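Here is my note on the aromatic rings in this model. Please keep the structure open as you read.

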Amino acid sequence: MSISNLNGRLLEYVIVSNLKNKLGDECTLTQNSINSNLRDINKLHEVDKELLNHFKKYSPLISNWIIENFSERPVTIDRLGDGSGVKGDVTDIRLTSNVSTLNISIKNNNVSIKHQRPGTTPIHIGYNKKDTITEDFSIKYKKINKKFYLESLKKSPNVELYREVEESKNIYLYKPICRLVNEFLNGNKDRGDIYQRFLIGNVDFKQIVLWKKKIEIKSFDEIPNSPKMVVELNGNSYLKVDFNNGIILMMRLHTASSRISETGSLKFDTKIDKMDIPTKTINF
């Protein structure tokens, strides 16, 4: 498990524990929450002590906001696993009562919203795996990866790691892949709504980000629909996606593995560049 994933899970644990202590008998944890908490309590020693103290000091501000904005009782609290995110549900903590639900995405000092694979871009905007359009894209994608691999071998027959061929990586891999995705998305600009839901999440939720000096609460449940998307290529490895509704995302292409292969191992790190949605800030 990466350090960022561990930190995120422990922040969830601290928040849920704080909610349980404050709500008492008015709150019930699902079995999944209980199991997750038992898993995480044994990992508290693995996180930086200063960061853990930061979590403990400011999580009450987060739990207070949650309690104030979800007043129905009794309440059930569920912690969702990574599998839900794969399906498009970015919820980390879900509060449920007899009449309503509050989905919360928790982040620590980070605004990344997706780490998608570029090779399956057609599926991200609603095409089936067996569609001709998907298959054509896949052929082009594999061709770029293979060309990069062969060019790398020409320069260094014993090459094993991406960092050994930085110049070739930018010329023969990053830029061609970004150009391929850029042209494909612009050719399907009317599928902006589908792509927006894939990148941001297909359920209504609030995103709570704990920064070093503030807490931001963004209302992703009030995002407007996208009339169309426009994508721009920025440099060798960045794509800017404008959904024409006040939401702009920046996608950075990077290697998901250190080792070179003919099939490639790439991901986009997708972050918010601009988002005109209701946001509450709690400074401290």
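**Aromatic rings: notes**

1. Start with Tyr195 and Phe243: both are buried. Buried means under 20% relative accessible area, exposed over 50%, and partly exposed in between (1.4 Å probe, protein chains only).

2. This is a predicted model: local features need pLDDT of at least 70, side-chain atom pairs count only at pLDDT 80 or more, and totals for chains, interfaces and linings use all residues. Residues are numbered from 1 along each chain as its sequence is written, and side-chain values use heavy atoms, without hydrogens and water.

3. The whole structure holds 8 aromatic pairs. Rings of Phe, Tyr and Trp (its six-membered ring) pair if their centres lie within 6.5 Å; planes under 30 degrees apart count as stacked, over 60 as edge-to-face and the rest as tilted.

4. Tyr58 and Phe284 are stacked, with centres 3.7 Å apart and planes at 15 degrees. Tyr58 sits in helix α3 (residues 49–69) and Phe284 in the segment after β12 (279–283), so the pair ties together parts 226 residues apart in sequence. Helices (H or I, at least four residues) and strands (E, at least two) are DSSP runs, numbered from the N terminus. Tyr58 is buried at 15% relative accessibility. Phe284 is partly exposed at 32%.

5. Back to Tyr195 and Phe243. Their ring centres are 6.5 Å apart and their planes meet at 45 degrees, so this pair is tilted. Tyr195 lies in helix α8 (residues 192–200), while Phe243 lies in the loop between β9 (238–242) and β10 (247–255), 48 residues apart.

6. One aromatic cluster is formed by Tyr127, Phe137, Tyr141 and Phe184. Arg191 lies over the face of Tyr127, 3.9 Å from the ring centre. For such a charge, NZ of Lys or CZ of Arg must be within 6 Å of the ring centre and within 35 degrees of the ring normal.
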